Amino acid sequence: ERDAADNKIEMLPIGIGKLTNLEALDIQRNGCLRPPKGTQQKGPVAVVEYLQRVAHAEKRKLLDLSDFGLTTFPVDAVALGNMTELNLSNNTVASVPGEIVALTRVVVLRLAENSIRKLSSVVGKLTTLETLDLKNNSLETLPPTFPHLANLLHLDVSGNQFCIFPSELEKLTQIEHLNLTENQLTRIPVWMGAYAKMNAVLLGGNGLSTVPNSIGGMGPLVLSTVNLSNNGLLKVPSALCGVLTLKRCTFSGNALNELPAQIGRLVHLEELWVDSNQLARLPPSINGWKSLTALYLHNNKLQALPRVIVELEGLAVLTLSSNELSDLPWNLPVLTNLEELWLDSNKLSLLPQGLESMPNVKDFTCKNNEFEGKELQRANDLMERFENTQVSKILATKRKEEERAAMQARMPEHTAVESVDDRDPRELELEQLRDELEEAMRNDNLEAAQEIQEKLDAFEAEGREDEED
């Protein structure tokens, strides 16, 4: 730790960031412009971390200054023309300066969780951009130059204030991942169906009451994820039932009272969220969901389940809480892959026989039903049985994590080295052992990790003896 407070330092040299043993640097009351004032206010450790990241950014072609207390776009962020990734998320940056055009090779730009109200037109000149993250700002529009981003594949503008779907996106048909959740959209344009390469479209948390059928034309061969949760939808867009590549669909928190029969055509569907709607029944065609692993149906008005639900052999999660079910399929226990089964707050008076023998259940609940006498006792015993099983698994996992943490604590920290060529063979061998130890820890191979740690201890002890000699 070094104290440089109360001087007249205006700009700290980037080279300080290459002092590998420096952990903290106090530069209070200097009027220093580098690091920025917000970073200085986070303390001496943040000052050093900032300088280190900037110092190594040119070599790594990546600069991560997320959560550094930045209030303005730092000069250092635009001084590295060869940088391919810039992350300024979780700050309070309010605007993007014109100087950003210097980043002629930037591929990933993350500006999430800032205070940006208007995006500068200069962003349209970053034509190498493939990923742009602007979530949780205060944007209402996109600049007219936005269509120039012909290589943009991933766009996240969730958590902003868009009331109208940005028309600037119409020509960017190469986009593969679009996130507009938590805005104030009330309609989706018909031209959205032109996104032929789309694999994920996220539109939850808006004010949509309908969705055009053209949405079924998006990514006809690649669309796998659709999120339309927490809108005002009265029905599932029938056009989506023809997108056979869908794997994850989320319609939670709408006003659906039924699912279309054609939905059974989604044979590759793995997860379906239709909780918190007004569903009174499920179509028999659900037996077409041969790939389904998770079905979320809680908070609806289901009075019965179709018997074919037991044909969903891969089902691991089934949530039926807060419905109006008075009985369940007698052969429900044939779903031996079930890990989570929620049955609480229904009108059940009997549970299917054989639930006790389901081998993989980790989370089971059936409170607030109409059980009486022996069946009530059986229900309580089942919950206690599965809870104890889960507690045992949690404790076993905790013990494993504690062993891992103890081993991790013994691992020596890496020392940053600028040039491999300058290191002697002994240092290279030491680093190799450290890498092997980290690999063993990542793979939870504690036996191998212990063996490598013993080698490391012996190796370092030998090194200390040599130094003493």
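A disulfide is counted here when two cysteine sulfur atoms lie within 2.5 Å. By that cut-off, this predicted model holds zero disulfides. C249 is in no disulfide, and its nearest cysteine sulfur, that of C241, is 8.5 Å away. Aromatic rings do pair in the model, with a count of five aromatic pairs.

**Cysteines**
- C249 is buried, at a relative accessible area of 2%.
- C366 is buried as well, with a relative accessible area of 2%.

**Stacked pair W273–Y296**
- The rings of W273 and Y296 are stacked, with 3.5 Å between centres and 10 degrees between the planes.
- W273 belongs to strand β12 (residues 271-273) and Y296 to strand β13 (residues 294-296), so this pair links distant parts of the chain, 23 residues apart.
- W273 is partly exposed, at 28% relative accessibility, whereas Y296 is buried, at 12%.

**Tilted pair F364–F386**
- F364 and F386 make a tilted aromatic pair, 5.3 Å centre to centre and with 55 degrees between the planes.
- Because F364 sits in strand β16 (residues 363-365) and F386 in helix α3 (residues 373-410), the pair ties together parts that are 22 residues apart in sequence.
- F364 is buried, with a relative accessible area of 8%.
- F386 is also buried, with a relative accessible area of 5%.

**Aromatic cluster**
- One aromatic cluster is formed by F165, W191 and Y195.

Technical notes:
Residues numbered from 1 in each chain as written. Predicted model: local features only at pLDDT ≥ 70, side-chain atom pairs only at ≥ 80, totals over all residues. Heavy atoms only, no water. Buried < 20%, exposed > 50% of the residue type's maximum accessible area, 1.4 Å probe, protein only. Phe/Tyr/Trp six-rings, centres within 6.5 Å; stacked < 30°, edge-to-face > 60°. Helix = DSSP H or I, 4+ residues; strand = E, 2+ residues; numbered from the N terminus.
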